Amino acid sequence: MTYTSHILDQVKNMGFHQATATSISLGVDNLLTIPSKGWVVQDAKQQSLILEKNHHHGNVT
């Protein structure tokens, strides 16, 4: 657990270092939300339910 935490801290620090070196910054205001996002998410949930149902019945190939 300690070793894993150490590795993850190193990865995080490397990410911050690289982002700083390349002058990259990303904020919530930079992310765009498409107007149809709700519809896309709902459609994905429906498709997931259909696939789970088919898988449960052994119909997924």
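Is Ile24 buried or exposed? Ile24 is exposed, with a relative accessible area of 58%. Exposed means over 50%, buried under 20%, and partly exposed in between, using a 1.4 Å probe and protein chains only.

This is a predicted model, in which local features need pLDDT of at least 70, side-chain atom pairs count only at pLDDT 80 or more, and totals for chains, interfaces and linings use all residues. Residues are numbered from 1 along each chain as its sequence is written, and side-chain values use heavy atoms, with hydrogens and water left out.

The protein has 2 helices and 0 strands. Both kinds of element are DSSP runs numbered from the N terminus: helices are H or I with at least four residues, strands E with at least two. The radius of gyration is 20 Å, well over the 10 Å from the globule rule for 61 residues, so the protein is more spread out than a compact globule. That radius is taken over C-alpha atoms, and the rule is 2.2 Å times the number of residues to the power 0.38. The C-alpha box is roughly 50 × 40 × 20 Å along the principal axes. Buried residues make up 0% of the 61.

Start with helix 1, residues 2–21. Its 20 residues should span 28 Å at 1.5 Å a residue, and its end C-alpha atoms are 28 Å apart, which agrees. The expected span is 1.5 Å times one less than the number of residues. Just after helix 1, Ser23 takes a positive phi of about 60 degrees.

Ile24 sits in the loop between helix 1 and helix 2. Its C-alpha lies 23 Å from that of Ile7, 17 residues away along the chain.

Helix 2 covers residues 37–56. Its 20 residues reach 28 Å from first C-alpha to last, close to the 28 Å expected. Just after helix 2, Gly58 has a positive phi of about 80 degrees.
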